[in-house]
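Morning, everyone. Let me put the structure up, and then I'll walk you through it.

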Number of protein chains: 2
Amino acid sequence: MQRTTFGDMACSIARTLDVIWEPWSPLILRDVWVGMRRFDEIQADLGISRKVLTERLNHLVGEGVLERRKYDPRPRYEYHLTIKGAELLDLLMVMVRWGDKWLAGKAGPPVLYRHHACGEITSVELHCAHCGEPMRAGDIDLLPGPGAAV
Amino acid sequence: MQRTTFGDMACSIARTLDVIWEPWSPLILRDVWVGMRRFDEIQADLGISRKVLTERLNHLVGEGVLERRKYDPRPRYEYHLTIKGAELLDLLMVMVRWGDKWLAGKAGPPVLYRHHACGEITSVELHCAHCGEPMRAGDIDLLPGPGAAV
DNA sequence: ACTTCTTAGTCTCTTCACGGAACTGACAAG
DNA sequence: CTTGTCAGTTCCGTGAAGAGACTAAGAAGT
(Lines give C-alpha, C1' and ligand atoms only; values in the text may rest on other atoms or scores of the structure.)
Protein backbone atom coordinates (compact mmCIF):
# COMPACT_ATOMS: atom_id res chain seq x y z
CA MET A 1 0.00 0.00 0.00
CA GLN A 2 3.05 2.19 0.04
CA ARG A 3 1.98 3.80 3.25
CA THR A 4 3.64 6.85 4.70
CA THR A 5 5.27 6.31 8.06
CA PHE A 6 3.64 8.34 10.81
CA GLY A 7 6.04 7.51 13.60
CA ASP A 8 8.31 10.51 13.21
CA MET A 9 5.57 13.08 13.51
CA ALA A 10 5.54 14.92 16.85
CA CYS A 11 2.14 13.50 17.69
CA SER A 12 1.26 10.64 19.97
CA ILE A 13 -1.68 9.76 17.81
CA ALA A 14 0.52 9.38 14.75
CA ARG A 15 3.07 7.36 16.71
CA THR A 16 0.43 5.04 18.06
CA LEU A 17 -0.91 4.60 14.56
CA ASP A 18 2.49 3.47 13.47
CA VAL A 19 2.37 0.63 15.98
CA ILE A 20 -1.13 -0.69 15.55
CA TRP A 21 -2.91 0.99 12.68
CA GLU A 22 -1.95 -1.42 9.98
CA PRO A 23 -4.91 -3.35 8.68
CA TRP A 24 -5.74 -6.31 10.93
CA SER A 25 -3.50 -5.35 13.84
CA PRO A 26 -6.28 -4.33 16.21
CA LEU A 27 -8.21 -7.48 15.41
CA ILE A 28 -5.13 -9.57 16.10
CA LEU A 29 -4.83 -7.90 19.49
CA ARG A 30 -8.49 -8.60 20.13
CA ASP A 31 -8.01 -12.27 19.35
CA VAL A 32 -5.01 -12.54 21.65
CA TRP A 33 -7.01 -10.70 24.29
CA VAL A 34 -9.82 -13.25 24.24
CA GLY A 35 -7.41 -16.16 24.39
CA MET A 36 -6.41 -17.02 20.83
CA ARG A 37 -2.66 -17.32 20.95
CA ARG A 38 -1.57 -19.55 18.08
CA PHE A 39 -0.87 -18.75 14.47
CA ASP A 40 -3.36 -21.10 12.85
CA GLU A 41 -6.05 -20.24 15.35
CA ILE A 42 -5.83 -16.51 14.66
CA GLN A 43 -5.49 -17.08 10.94
CA ALA A 44 -8.62 -19.23 10.83
CA ASP A 45 -10.61 -16.83 13.00
CA LEU A 46 -9.80 -13.72 10.99
CA GLY A 47 -9.47 -15.23 7.53
CA ILE A 48 -6.35 -13.12 7.11
CA SER A 49 -3.69 -14.18 4.63
CA ARG A 50 -0.89 -16.13 6.30
CA LYS A 51 1.67 -13.84 4.81
CA VAL A 52 0.11 -10.73 6.26
CA LEU A 53 -0.46 -12.40 9.62
CA THR A 54 3.24 -13.24 9.77
CA GLU A 55 4.14 -9.64 9.01
CA ARG A 56 1.73 -8.25 11.59
CA LEU A 57 2.82 -10.60 14.34
CA ASN A 58 6.48 -9.82 13.69
CA HIS A 59 5.76 -6.13 13.75
CA LEU A 60 3.78 -6.32 16.98
CA VAL A 61 6.48 -8.44 18.61
CA GLY A 62 9.10 -5.97 17.40
CA GLU A 63 7.15 -3.11 18.94
CA GLY A 64 6.99 -4.91 22.26
CA VAL A 65 3.24 -5.28 22.19
CA LEU A 66 3.20 -9.04 21.84
CA GLU A 67 5.65 -11.64 23.08
CA ARG A 68 6.44 -14.88 21.23
CA ARG A 69 6.73 -17.90 23.51
CA LYS A 70 7.71 -21.45 22.67
CA TYR A 71 5.23 -23.83 24.24
CA ASP A 72 6.53 -27.16 22.94
CA PRO A 73 9.85 -28.79 22.09
CA ARG A 74 8.62 -28.78 18.51
CA PRO A 75 8.74 -25.38 16.79
CA ARG A 76 5.46 -24.22 18.25
CA TYR A 77 4.85 -20.70 19.44
CA GLU A 78 2.21 -18.72 21.24
CA TYR A 79 1.70 -14.98 21.28
CA HIS A 80 1.02 -13.21 24.54
CA LEU A 81 0.31 -9.59 25.37
CA THR A 82 3.08 -7.71 27.11
CA ILE A 83 2.21 -5.01 29.65
CA LYS A 84 2.60 -2.47 26.86
CA GLY A 85 0.19 -4.53 24.77
CA ALA A 86 -2.31 -5.02 27.57
CA GLU A 87 -2.56 -1.27 27.99
CA LEU A 88 -3.46 -1.00 24.33
CA LEU A 89 -6.65 -2.88 25.12
CA ASP A 90 -7.97 0.40 26.50
CA LEU A 91 -8.12 1.50 22.92
CA LEU A 92 -10.10 -1.55 21.91
CA MET A 93 -12.57 -1.02 24.74
CA VAL A 94 -13.22 2.52 23.61
CA MET A 95 -13.66 1.32 20.05
CA VAL A 96 -16.18 -1.22 21.27
CA ARG A 97 -18.12 1.44 23.10
CA TRP A 98 -18.30 3.68 20.06
CA GLY A 99 -19.13 0.82 17.71
CA ASP A 100 -21.82 -0.47 20.08
CA LYS A 101 -23.42 2.94 20.22
CA TRP A 102 -23.25 4.00 16.60
CA LEU A 103 -22.91 0.90 14.47
CA ALA A 104 -24.50 -2.07 16.22
CA GLY A 105 -27.97 -1.38 14.80
CA LYS A 106 -31.11 -2.96 16.13
CA ALA A 107 -29.46 -6.31 16.79
CA GLY A 108 -27.63 -4.77 19.72
CA PRO A 109 -24.02 -5.16 20.78
CA PRO A 110 -22.36 -8.48 19.93
CA VAL A 111 -20.48 -8.64 23.23
CA LEU A 112 -21.27 -7.45 26.74
CA TYR A 113 -18.84 -6.47 29.47
CA ARG A 114 -19.33 -7.39 33.10
CA HIS A 115 -17.23 -5.36 35.51
CA HIS A 116 -15.64 -7.45 38.25
CA ALA A 117 -15.79 -4.63 40.79
CA CYS A 118 -19.55 -4.09 40.63
CA GLY A 119 -20.77 -7.17 38.78
CA GLU A 120 -22.86 -5.11 36.37
CA ILE A 121 -23.06 -5.16 32.59
CA THR A 122 -21.49 -1.84 31.71
CA SER A 123 -19.18 0.04 29.39
CA VAL A 124 -16.20 2.32 29.67
CA GLU A 125 -16.26 6.04 30.24
CA LEU A 126 -13.38 8.50 30.10
CA HIS A 127 -12.50 10.27 33.32
CA CYS A 128 -9.81 12.71 34.35
CA ALA A 129 -6.88 10.93 35.93
CA HIS A 130 -6.49 13.85 38.32
CA CYS A 131 -9.93 14.74 39.62
CA GLY A 132 -11.89 11.68 38.56
CA GLU A 133 -14.61 13.68 36.83
CA PRO A 134 -15.74 12.72 33.32
CA MET A 135 -13.46 14.10 30.63
CA ARG A 136 -14.30 14.27 26.95
CA ALA A 137 -12.55 16.04 24.10
CA GLY A 138 -14.66 19.15 24.66
CA ASP A 139 -13.67 19.37 28.31
CA ILE A 140 -10.02 20.13 27.78
CA ASP A 141 -7.60 22.74 26.48
CA LEU A 142 -4.64 21.60 24.43
CA LEU A 143 -1.25 23.09 25.31
CA PRO A 144 2.15 22.51 23.73
CA GLY A 145 4.16 20.00 25.78
CA PRO A 146 7.89 19.45 26.26
CA GLY A 147 8.16 17.16 23.22
CA ALA A 148 6.41 19.59 20.88
CA ALA A 149 7.93 20.22 17.48
CA VAL A 150 9.88 23.48 17.23
CA MET B 1 -4.69 -1.95 -0.87
CA GLN B 2 -7.36 -4.39 -1.76
CA ARG B 3 -8.38 -4.42 1.84
CA THR B 4 -10.86 -6.81 3.30
CA THR B 5 -14.00 -5.16 4.62
CA PHE B 6 -14.39 -5.58 8.34
CA GLY B 7 -17.80 -4.01 8.69
CA ASP B 8 -19.84 -7.16 8.39
CA MET B 9 -18.08 -9.00 11.18
CA ALA B 10 -20.14 -9.27 14.37
CA CYS B 11 -17.63 -7.20 16.28
CA SER B 12 -17.79 -3.56 17.24
CA ILE B 13 -14.05 -3.26 16.94
CA ALA B 14 -14.12 -4.46 13.35
CA ARG B 15 -17.04 -2.18 12.53
CA THR B 16 -15.31 0.81 14.01
CA LEU B 17 -12.21 -0.04 12.02
CA ASP B 18 -14.27 0.09 8.89
CA VAL B 19 -15.19 3.68 9.61
CA ILE B 20 -11.92 5.19 10.70
CA TRP B 21 -9.08 2.75 10.31
CA GLU B 22 -8.06 3.69 6.83
CA PRO B 23 -4.64 5.27 6.74
CA TRP B 24 -4.81 8.99 7.61
CA SER B 25 -8.39 9.02 8.86
CA PRO B 26 -7.55 9.40 12.55
CA LEU B 27 -5.10 12.17 11.75
CA ILE B 28 -7.73 13.95 9.70
CA LEU B 29 -10.08 13.79 12.67
CA ARG B 30 -7.31 15.14 14.88
CA ASP B 31 -6.78 18.09 12.55
CA VAL B 32 -10.48 18.90 12.45
CA TRP B 33 -10.56 18.57 16.23
CA VAL B 34 -7.85 21.19 16.69
CA GLY B 35 -9.54 23.57 14.29
CA MET B 36 -8.28 22.79 10.81
CA ARG B 37 -11.37 22.64 8.70
CA ARG B 38 -10.37 23.33 5.11
CA PHE B 39 -9.05 21.05 2.43
CA ASP B 40 -5.79 22.84 1.69
CA GLU B 41 -5.08 23.40 5.36
CA ILE B 42 -5.41 19.72 6.22
CA GLN B 43 -3.55 18.68 3.10
CA ALA B 44 -0.63 20.96 3.89
CA ASP B 45 -0.52 19.92 7.54
CA LEU B 46 -0.51 16.20 6.89
CA GLY B 47 1.34 16.12 3.60
CA ILE B 48 -1.27 13.63 2.40
CA SER B 49 -1.92 13.25 -1.31
CA ARG B 50 -4.86 15.33 -2.46
CA LYS B 51 -6.47 12.31 -4.03
CA VAL B 52 -6.39 10.31 -0.83
CA LEU B 53 -7.59 13.26 1.24
CA THR B 54 -10.59 13.63 -1.04
CA GLU B 55 -11.40 9.95 -0.64
CA ARG B 56 -11.05 10.05 3.12
CA LEU B 57 -13.15 13.16 3.58
CA ASN B 58 -15.90 11.74 1.40
CA HIS B 59 -15.83 8.51 3.33
CA LEU B 60 -15.96 10.25 6.70
CA VAL B 61 -18.80 12.49 5.55
CA GLY B 62 -20.62 9.44 4.23
CA GLU B 63 -20.25 7.70 7.57
CA GLY B 64 -21.70 10.72 9.33
CA VAL B 65 -18.54 11.49 11.23
CA LEU B 66 -17.82 14.77 9.46
CA GLU B 67 -20.15 17.32 7.95
CA ARG B 68 -19.35 19.39 4.87
CA ARG B 69 -20.43 23.03 5.15
CA LYS B 70 -20.32 25.78 2.57
CA TYR B 71 -18.81 28.88 4.12
CA ASP B 72 -18.76 31.21 1.12
CA PRO B 73 -20.83 31.95 -1.99
CA ARG B 74 -17.85 30.61 -3.92
CA PRO B 75 -17.49 26.83 -3.90
CA ARG B 76 -15.70 26.78 -0.55
CA TYR B 77 -16.31 24.15 2.09
CA GLU B 78 -15.35 23.40 5.64
CA TYR B 79 -15.47 20.12 7.46
CA HIS B 80 -16.94 19.92 10.93
CA LEU B 81 -17.30 17.08 13.40
CA THR B 82 -20.79 15.72 13.91
CA ILE B 83 -21.84 14.42 17.32
CA LYS B 84 -20.96 10.95 16.12
CA GLY B 85 -17.56 12.27 15.10
CA ALA B 86 -16.98 14.18 18.32
CA GLU B 87 -17.51 10.98 20.29
CA LEU B 88 -14.78 9.37 18.23
CA LEU B 89 -12.35 11.80 19.82
CA ASP B 90 -12.47 9.56 22.89
CA LEU B 91 -10.51 7.13 20.82
CA LEU B 92 -7.91 9.73 19.94
CA MET B 93 -7.52 10.74 23.57
CA VAL B 94 -6.84 7.15 24.56
CA MET B 95 -4.34 6.86 21.73
CA VAL B 96 -2.62 9.98 22.96
CA ARG B 97 -2.37 8.59 26.46
CA TRP B 98 -0.84 5.33 25.27
CA GLY B 99 1.52 7.06 22.87
CA ASP B 100 2.60 9.54 25.53
CA LYS B 101 3.39 6.74 27.93
CA TRP B 102 5.10 4.28 25.63
CA LEU B 103 6.40 6.16 22.62
CA ALA B 104 7.16 9.77 23.56
CA GLY B 105 10.70 9.04 24.75
CA LYS B 106 12.76 11.41 26.80
CA ALA B 107 11.46 14.48 24.99
CA GLY B 108 8.15 14.06 26.75
CA PRO B 109 4.64 14.36 25.35
CA PRO B 110 4.19 16.79 22.45
CA VAL B 111 0.83 18.04 23.73
CA LEU B 112 -0.62 18.51 27.21
CA TYR B 113 -4.26 18.41 28.27
CA ARG B 114 -5.74 20.79 30.78
CA HIS B 115 -9.06 19.66 32.19
CA HIS B 116 -11.63 22.46 32.46
CA ALA B 117 -13.27 20.97 35.53
CA CYS B 118 -10.16 20.91 37.72
CA GLY B 119 -7.73 23.09 35.78
CA GLU B 120 -4.94 20.54 36.03
CA ILE B 121 -2.68 19.06 33.38
CA THR B 122 -3.93 15.51 33.24
CA SER B 123 -4.79 12.55 31.04
CA VAL B 124 -7.70 10.22 30.51
CA GLU B 125 -8.43 7.09 32.49
CA LEU B 126 -11.05 4.45 31.82
CA HIS B 127 -13.80 4.04 34.38
CA CYS B 128 -16.89 1.90 34.65
CA ALA B 129 -19.94 3.79 33.43
CA HIS B 130 -21.99 2.07 36.14
CA CYS B 131 -19.99 2.24 39.38
CA GLY B 132 -17.38 4.83 38.43
CA GLU B 133 -14.44 2.68 39.50
CA PRO B 134 -11.45 2.24 37.16
CA MET B 135 -12.02 -0.40 34.53
CA ARG B 136 -9.31 -1.94 32.41
CA ALA B 137 -9.42 -4.93 30.08
CA GLY B 138 -8.39 -7.25 32.91
CA ASP B 139 -11.26 -6.09 35.13
CA ILE B 140 -14.06 -7.45 33.01
CA ASP B 141 -15.68 -10.66 31.80
CA LEU B 142 -16.84 -10.85 28.21
CA LEU B 143 -20.30 -12.28 27.59
CA PRO B 144 -22.16 -12.84 24.33
CA GLY B 145 -24.59 -10.00 23.65
CA PRO B 146 -27.87 -9.80 21.72
CA GLY B 147 -26.10 -9.02 18.45
CA ALA B 148 -23.69 -11.94 18.71
CA ALA B 149 -23.14 -14.10 15.65
CA VAL B 150 -25.05 -17.37 15.75
C1' DA C 1 -14.29 42.10 -20.65
C1' DC C 2 -10.17 39.82 -19.47
C1' DT C 3 -6.65 38.29 -16.60
C1' DT C 4 -5.21 36.79 -12.09
C1' DC C 5 -5.83 34.60 -7.64
C1' DT C 6 -7.67 31.36 -4.37
C1' DT C 7 -9.87 27.19 -2.90
C1' DA C 8 -11.25 22.62 -3.76
C1' DG C 9 -10.89 19.33 -5.74
C1' DT C 10 -9.77 15.59 -10.45
C1' DC C 11 -6.69 12.87 -13.32
C1' DT C 12 -2.83 10.04 -14.55
C1' DC C 13 0.99 7.27 -13.72
C1' DT C 14 4.02 4.44 -10.91
C1' DT C 15 5.05 1.67 -7.05
C1' DC C 16 4.23 -1.33 -3.52
C1' DA C 17 1.04 -3.76 -0.04
C1' DC C 18 -2.62 -7.04 0.26
C1' DG C 19 -5.10 -11.58 -0.79
C1' DG C 20 -4.94 -16.33 -2.05
C1' DA C 21 -3.03 -20.53 -2.29
C1' DA C 22 0.53 -23.74 -2.77
C1' DC C 23 4.82 -25.08 -0.71
C1' DT C 24 8.55 -25.89 3.02
C1' DG C 25 10.66 -27.06 7.52
C1' DA C 26 10.90 -28.97 12.08
C1' DC C 27 9.63 -32.27 15.06
C1' DA C 28 6.58 -36.19 17.38
C1' DA C 29 4.05 -40.23 17.09
C1' DG C 30 2.73 -44.51 15.10
C1' DC D 1 10.11 -43.99 7.56
C1' DT D 2 5.69 -42.38 6.64
C1' DT D 3 2.08 -39.41 8.40
C1' DG D 4 0.39 -35.44 10.83
C1' DT D 5 0.55 -30.82 12.78
C1' DC D 6 1.91 -26.27 13.46
C1' DA D 7 4.23 -22.24 11.81
C1' DG D 8 5.53 -20.07 8.75
C1' DT D 9 7.56 -18.79 3.40
C1' DT D 10 7.15 -18.01 -1.55
C1' DC D 11 4.94 -16.45 -5.69
C1' DC D 12 1.80 -14.00 -8.45
C1' DG D 13 -2.01 -10.81 -9.74
C1' DT D 14 -4.72 -6.83 -8.35
C1' DG D 15 -5.67 -2.51 -6.60
C1' DA D 16 -4.72 1.20 -3.17
C1' DA D 17 -1.48 4.86 -1.92
C1' DG D 18 1.78 8.71 -3.40
C1' DA D 19 3.27 12.54 -6.34
C1' DG D 20 2.13 16.15 -8.75
C1' DA D 21 0.08 18.35 -12.77
C1' DC D 22 -4.35 19.85 -14.27
C1' DT D 23 -9.35 21.73 -13.92
C1' DA D 24 -13.45 24.31 -12.16
C1' DA D 25 -15.81 28.13 -10.04
C1' DG D 26 -16.13 32.34 -8.55
C1' DA D 27 -14.16 37.12 -6.72
C1' DA D 28 -11.16 40.84 -7.35
C1' DG D 29 -8.15 43.82 -9.90
C1' DT D 30 -7.11 46.53 -14.42
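I'll start with the ground rules, then take one chain, then how the two chains meet.

This is a predicted model, so local features need pLDDT of at least 70 and side-chain atom pairs count only at pLDDT 80 or more, while totals for chains, interfaces and linings use all residues. Residues are numbered from 1 along each chain as its sequence is written, and chains are lettered from A and ligands numbered from 1 in the order in which they are written.

Chain A, then. It has 5 helices and 6 strands. Those are DSSP runs, numbered from the N terminus: helices are H or I with at least four residues, strands are E with at least two. Along the sequence the pattern reads α-α-α-α-β-β-α-β-β-β-β. The C-alpha trace of chain A spans about 55 × 45 × 30 Å along its principal axes. Chain A is divided into domain 1, 12–83, and domain 2, 92–139. Those bounds come from an automatic or database domain assignment. The C-alpha centres of the two domains of chain A lie 24 Å apart.

Now the pair. How is chain A laid on chain B? By a turn of 180° and a shift of 0.0 Å along the axis, with an RMSD of 0.0 Å. That is the relation of a two-fold axis. The superposition is by least squares on the C-alpha atoms of residues with pLDDT of at least 70 in both copies.

Next, the interface. In total, 74 residues of chain A are in contact with 73 residues of chain B. Contact here means that the C-beta atoms, placed from the backbone, lie within 7 Å. Which element of chain A gives the most to that side? H5(A), with 16 residues. By class, the side of chain A that touches chain B has 47 nonpolar, 13 polar and 14 charged residues. For the classes, Ala, Val, Leu, Ile, Met, Phe, Trp, Tyr, Cys and Pro count as nonpolar, Asp, Glu, Lys and Arg as charged, and the others, Gly among them, as polar. Also, 99% of the interface residues of chain A are interface residues in chain B too, so the copies meet through the same surface.

Look at the H5 helices. H5(A) and H5(B) pack at an angle of about 180°, with their axes 10 Å apart. That makes H5(A) roughly antiparallel to H5(B). On angles: under 35 degrees counts as roughly parallel, over 145 as roughly antiparallel, 65 to 115 as roughly perpendicular and the rest as oblique. Axes are lines fitted to C-alpha atoms, for helices over the stretch in contact, and angles run from 0 to 180 degrees between N-to-C directions. Residues of H5(A) in this contact include A:Leu88, A:Leu91, A:Val94, A:Trp98 and A:Trp102. B:Leu88, B:Leu91, B:Val94, B:Trp98 and B:Trp102 are among those on H5(B). The residues of this contact divide into 12 nonpolar, no polar and 6 charged.

H5(B) also meets H1(A). The axes of H1(A), residues 12–20, and H5(B), residues 83–103, come within 8 Å and cross at roughly 80°. These two helices are therefore roughly perpendicular to each other. A:Ser12, A:Ile13, A:Arg15 and A:Thr16 in H1(A) face a set in H5(B) that includes B:Leu92, B:Val96 and B:Leu103. The count here is 6 nonpolar, 3 polar and 2 charged residues.

Now the strands. Two strands pair if DSSP finds at least two bridges between them. One open sheet of 3 strands has the order S6(A)-S3(B)-S4(B), with antiparallel pairing. Its edge strands are S6 of chain A and S4 of chain B, residues 121–122, and each pairs on one side only. S6(A) is joined to S3(B), residues 111–115, by 5 bridges. What is the bridge partner of A:Asp141 in S3(B)? B:Arg114.

Another open sheet of 3 strands has the order S4(A)-S3(A)-S6(B), again antiparallel. There, 2 bridges join S3(A) to S4(A). A:Arg114 has A:Ile121 as its bridge partner in S4(A).

Last stop, within chain B. S1(B), residues 66–72, and S2(B), residues 76–81, run antiparallel and are joined by 6 bridges. A hairpin joins S1(B) to S2(B) through 3 residues. B:Lys70 has B:Tyr77 as its bridge partner in S2(B).

How values were computed. Two residues are in contact if their C-beta atoms, placed from the backbone, lie within 7 Å.
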